[in-house]
Amino acid sequence: FAAQRHVLIYMEDAVSQLLENREDISQYGIARFFTEYFNSVRQGTHILFREFSFVQATPHNRASFLRNFWRCFRTVGKNGGKYSSICCYLLTAQEYHCLLQLLCPDFPMELTEKAARIVLMDDAMDCLMSFSDFLFAFQIQFYYSEFLESVAAIYQDLLAGKNPNTVIVPTSSSGQHRQRQPPNDCNPLEGVEASLFYQCLESLCDRSKYSCPPSALVKEMLSSVQRMTFYGFLMALAKDQGINRALGALPDKGDLFLDPAMDQELEKLVAQVSGLSVSGPASSGADTANMPVRNSPRINSPWKPLHHRRKMDAESEGSNEETDSSEN
């Protein structure tokens with residue numbers, strides 16, 4: 001159970017943060033630190049503003065990152081923008097990458113480009129994409145990254161007339177991703193035999209130690225066609241709602257812009273701000289003492305990773321040094 005849930009990774013990370021920030025933690029106790037740390041892991045907020053090597057370290061981390069990316073930027077998909085007449089913003093791969101870096105500063109551009117290639121196919125990389133198209137393609141590319149690397153190698157062998165006798169399984173988990181050469185999918189008549197392709201993928205899923213899509217859903221997908229191209233397969237994975245539900249990070253496409261819990265919190269904040277702005281002008285002069293006291297509900301701020309606080313402290317120390325030198 002511990003290995004399946006990657007408990008050791010979280011214990012090592014918690015202890016590492018404990019040692020790095022022991023002076024701050026000593027103010028409120030080690031027990032409280034571990035409680036808050038594992039609560040954040042359970043809620044999926046532990047990956048916010050963390051390094052990419054940690055964000056991609058476990059399937060739970062990847063799913064948590066996908067869920068947080070959707071919740072933070074879902075309004076990009078439903079607010080009107082200058083590029084679209086259908087009431088949604090269309091952004092380039094570079095712009096989506098900037099959004100990803102707001103949550104993970106060292107997120108690699110290569111993964112963003114690979115996700116964009118699933119949507120854009122043969123179009124230029126600076127073409128515009130809707131939020132939903134990019135999000136579901138990014139989900140497949142990010143969560144099943146190692147699986148797709150192996151699929152690309154198998155596809156190339158089949159395209160060259162070879163029958164792969166061994167399953168190619170990536171061994172590196174350091175976050176370094178190899179540059180994938182896009183297979184030649186220009187001609188819609190090209191591709192590989194779907195049944196043989198599935199046999200190779202079934203063997204890959206059975207032997208791979210990394211996350212793979214459910215074999216039954218892959219079989220259903222490939223059994224409906226005679227031939228399949230590489231990017232056609234990736235697009236089918238991205239559009240399959242059965243695979244999306246099995247992964248469990250994002251809602252169905254029809255509910256993509258709905259988040260009742262988040263909307264409720266936003267409505268509370270808007271109501272508080274509106275109430276303060278309305279009552280502001282009326283609180284001048286002698287009537288201030290007669291104004292009823294407004295008791296707004298207090299919203300607790302989420303727990304911030306200690307390493308992030310330490311970074312802020314270091315930046316503030318640097319700014320103080322600049323101030324001192326300017327005074328001299």
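Entry 1. In this predicted model, I looked up the packing of helix 8 (residues 109-120) against helix 13 (residues 230-239) and found an angle of about 95°, with the axes 9 Å apart. Angles of 65 to 115 degrees count as roughly perpendicular, and helix 8 and helix 13 are therefore roughly perpendicular to each other. I then listed the residues in contact: helix 8 contributes Arg-117, Ile-118 and Val-119, and helix 13 contributes Tyr-231, Leu-234 and Met-235. Sorted by class, this contact of helix 8 with helix 13 holds 5 nonpolar residues, 1 charged residue and no polar ones.

Entry 2. I next examined helix 12 (residues 215-222), whose axis comes within 11 Å of that of helix 13 and crosses it at roughly 125°. This angle makes helix 12 oblique to helix 13. I recorded the crossing of helix 12 past helix 13 as right-handed. On helix 12 the contact is made by Val-218, Met-221 and Leu-222, and on helix 13 by Phe-233, Ala-236 and Leu-237. I noted 6 nonpolar residues in the contact of helix 12 with helix 13, with no polar and no charged ones.

Entry 3. Finally, I turned to helix 5 (residues 59-73). How far does helix 5 reach from its first C-alpha to its last? Its 15 residues reach 21 Å, close to the 21 Å expected at 1.5 Å a residue. I also looked up which residues of helix 5 are buried: Asn-61, Arg-62, Ala-63, Ser-64, Phe-65, Leu-66, Asn-68, Phe-69, Trp-70 and Phe-73.

Terms used
Residues numbered from 1 in each chain as written. Predicted model: local features only at pLDDT ≥ 70, side-chain atom pairs only at ≥ 80, totals over all residues. Heavy atoms only, no water. Helix = DSSP H or I, 4+ residues; strand = E, 2+ residues; numbered from the N terminus. Expected span 1.5 Å × (residues − 1). Buried < 20%, exposed > 50% of the residue type's maximum accessible area, 1.4 Å probe, protein only. Axes fitted to C-alpha atoms, helices over the stretch in contact; angles between N-to-C directions. Parallel < 35°, antiparallel > 145°, perpendicular 65-115°, else oblique. Contact = heavy atoms within 4.5 Å. Nonpolar A, V, L, I, M, F, W, Y, C, P; charged D, E, K, R; others polar. Left-handed = near helix turned anticlockwise from the far one by under 90°.
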